[in-house]
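Student: Hey, could you walk me through this one? I'm new to reading structures.
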Amino acid sequence: MHYSGAVDENWTTQLRKGVLELCLLNIIGAGRIYGYDIVRQLRVVDALVVSEGTIYPILSRLKRDGLVRTTLEESPSGPARKYYELTRRGEQLLSDMNRYWETLTREISDLRKANT
Amino acid sequence: MMMVALSPDAKEHLDQYLKQIRMALAGRESIDADEVERDVLSHIDAELSGTSEPVPAHRLLAVLDRLGEPNEWVPAEEAAWRRPFAALSARPGDWRLAAVSLASLVLTVILMTGRVMLWPLPLVLLPLAFVTARINIALLDDRREPIGLRTWLLYPVLLAIYVPLFFALIGGPTWLVGNFLSDDPSARSRIAAMTHASPSIAAPALVVFVLGCWWILLGLVVIQTIASVRALFRPFAGFIDRRHAVRLTLAGLVLALIGIAALTLPRFLVATVSAQGIARPDAKPVDPVGAILDAFRTHPLVAVADAHGNEQVHAFRLALIRDPRLAGIVNDVVVEFGTARYQDVIDQFIRGEDVPYSSLRRVWEDTTQIEFDWDLPIYEELLRAIRSVNAARPPAQRLRVVLGDPPMDWENIHSSTEYLAHMSTLDRDEYAVEVIRREVLAKNRRALVIYGGQHLLRKNAVPNANDEWARGLVAQLERPGIASLFTIDPETRIPLSASQADITQWRKPSLALLTGTRLGQMRFTAPAQRLVRFEDQFDAVVYLGEPDEMTTANIGRTRCDDAEYMQMRTARLSLLKPPAGAPVAALGDLLRRSCEGR
């Protein structure tokens, strides 16, 4: 589902950017995971990803920022696989982000209800 | 490395995709391009596992399509600055950004050449044109799209910056050194003096040496930064490789060696010649008039030094003026011994018109000088000789006498203080130069310049002086390149036979060129002064006899019996007195002695 045309593109881009990062952290936060599997999981959130190539740079940045760490493991069926997992700092950030997200969505929901 | 086997087409597509990603990531040091490539391959491998092999191109392209454009692998925050430009060049074949580049350049040119510059707008527009052109080319590279006809929009912009930048880089400090030497003749002279080479060799040699050193440095830097140079001059420098940089370094080495050789060889040769005692050839006597005729073929001005009052020099000058071979060759005679205030008087006199003597004598009596040198009859005689010569010549061959001493208003000079104050505002040589420029050079005429020897010196004899040039009229004409003179010293004080014994056998007068001769090598300055050789000061010497043969003219009975003259001259001589205890006679005493014929 694409919103461009109906919604201001810049607004969706900015929203998507923040939310995509939250989603990535949540996926990784669930347990150590192979990079390709992260992409596969995100495919179901059609509104979030424009192209899959954008996900890897974000993962790289999360790694550079010390929020995730990676390990390479040999794969019997292909090239070595890169696995992602949260660092302690990443876990803390994810916890804060989730709490903020819940508060935000709840309050926005309440606001919308009050105005409909 | 992928495990999934790809068809040749698919493999080609993948290679292309990876190449474009690497180009998009080029220059972004925060991103490990190898790691990104591993991520891509790992993703594709996982995506295609289980697919029948070899994987056809369309299956791979579907995966690549989901991955998105190669430039999307650049993190959004890294590429933020590119967005506005990318928007102007969003699709293949989009010419808007290229048009913006060229328009900025055209507007810059219009503003710079038009009446309204709107400063500093051109300063903003030109970099904008360049930057947008570079970004456009980078975006085209990203898309693997050829520049095509956009060349006509982008290359003018890039060349407007690259061409001057290229020459600035190739020339480097040479431009500064060259300009400095070109603007400062004294610097050229200092270098020439240091190296013993002529200024016309020393200055270019220094420039060649600096250029050589610069190329060596530039070549070494380029060897270390080939990729940066290619990027800086993209898309024109793709062909540059290490070999070019090495060649530049070697060319610089050759130039530096040539420069060093040209700068040091003259000094080495001089030292060798001096050490081996190799004798220079003797000066050869020639006919003075013939030599002066030759000099006028290459010089508009020939200067003959005047040893004030010397009768042999006067006789030589008279013979020169009267020689028919100079008719039509010399147009003017510029003299020190007449005040420019009375140029109209001397013009009338020289033309042969009747001029009252009371007016004529003011020409030499009212110069800026208080001494009676110009009152000696020999100077009046020279003027009368010129008048006589003119009377016998057709108008086109007649001589004009140009008075070179600055105008002097003696009516307003009543004291030593007033005289010194007035003289401090004058530069007699500067005035003579101005007169020569205006009356001779500007009119494409040729002149015989008759001035005291000090005014004709080229080199400064003051020890450790910063400026090697003397301050006389010859130096003031030659130093800035206004004119080149042929200067002649009818020598009356230095015993020339001490340097070259056979001189005493020469016919009197004889002229000898000095350059390259033993006589020219003779020291011209006193031991306490800076070493300046005879050939550095004059081009030729006229031999009139040994110093003890020289005689000085006396003032003459007519003037000494002229009470009004004696009162005027004595009063002026009294304006300057020798310092107390100085071993020189007061000027008034000199006049009295001259009147007594001593």
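This is a predicted model: local features need pLDDT of at least 70, side-chain atom pairs count only at pLDDT 80 or more; totals for chains, interfaces and linings use all residues.

Student: Ok! How many residues of chain A and chain B are in contact?

Tutor: 20 residues of chain A are in contact with 18 residues of chain B. Contact means heavy atoms within 4.5 Å.

Student: And how much area do chain A and chain B bury between them?

Tutor: About 1,800 Å², with 50% of it on carbon and sulfur atoms. Buried area is the accessible area (1.4 Å probe) that two parts lose on being put together, summed over both. On the chain A side, Tyr36(A), Tyr56(A) and Pro79(A) lose the most area to chain B, together 27% of what that side buries.

Student: What's the count of salt bridges between chain A and chain B?

Tutor: There are 5, a salt bridge being a side-chain nitrogen of Lys or Arg within 4 Å of a carboxyl oxygen of Asp or Glu. One of them joins Arg43(A) to Glu47(B), with the closest N and O atoms 2.1 Å apart.

Student: Which parts of chain A supply residues to the side that touches chain B?

Tutor: α2 (35-42), α3 (55-64) and β3 (78-86) of chain A each supply at least two residues. Helices (H or I, at least four residues) and strands (E, at least two) are DSSP runs, numbered from the N terminus. The largest share, 6 residues, comes from α3(A).

Student: Now Ser42(B): buried or exposed?

Tutor: Ser42(B) counts as buried because its relative accessibility is 9%. Buried means under 20% relative accessible area, exposed over 50%, and partly exposed in between (1.4 Å probe, protein chains only). Ser42(B) lies in helix α2 (residues 33-48) of chain B.

Student: What is Ser42(B) in contact with?

Tutor: Leaving aside its neighbours within four places in sequence, Ser42(B) is in contact with Tyr34(A), Pro79(A) and Ala80(A). Its side chain also has a polar contact of 2.8 Å with that of Tyr34(A). A polar contact is a pair of N or O atoms within 3.5 Å; within protein, one must be able to donate a hydrogen and the other to accept it, and residues adjacent in sequence count only if both atoms are side-chain atoms.

Student: Switching topic, what's the strand order in the open sheet of chain A?

Tutor: The order is β1-β3-β2, with antiparallel pairing among the 3 strands. Two strands pair if DSSP finds at least two bridges between them. β1 (33-34) and β2 (68-75) of chain A each have a single partner strand, so one side of each is left without a neighbour in the sheet.

Student: Which residue is the bridge partner of Ile33(A)?

Tutor: That's Tyr84(A), in β3(A).

Student: And why is strand β3 of chain B largely enclosed?

Tutor: Because 5 of the 6 residues of that strand (residues 400-405) are buried. Strand β2 (residues 332-339) of chain B pairs with β3(B) in the parallel sense over 5 bridges, and Val335(B) stands opposite Leu403(B).

Definitions and conventions:
Residues are numbered from 1 along each chain as its sequence is written. Chains are lettered from A and ligands numbered from 1 in the order in which they are written. Side-chain values use heavy atoms; hydrogens and water are left out.
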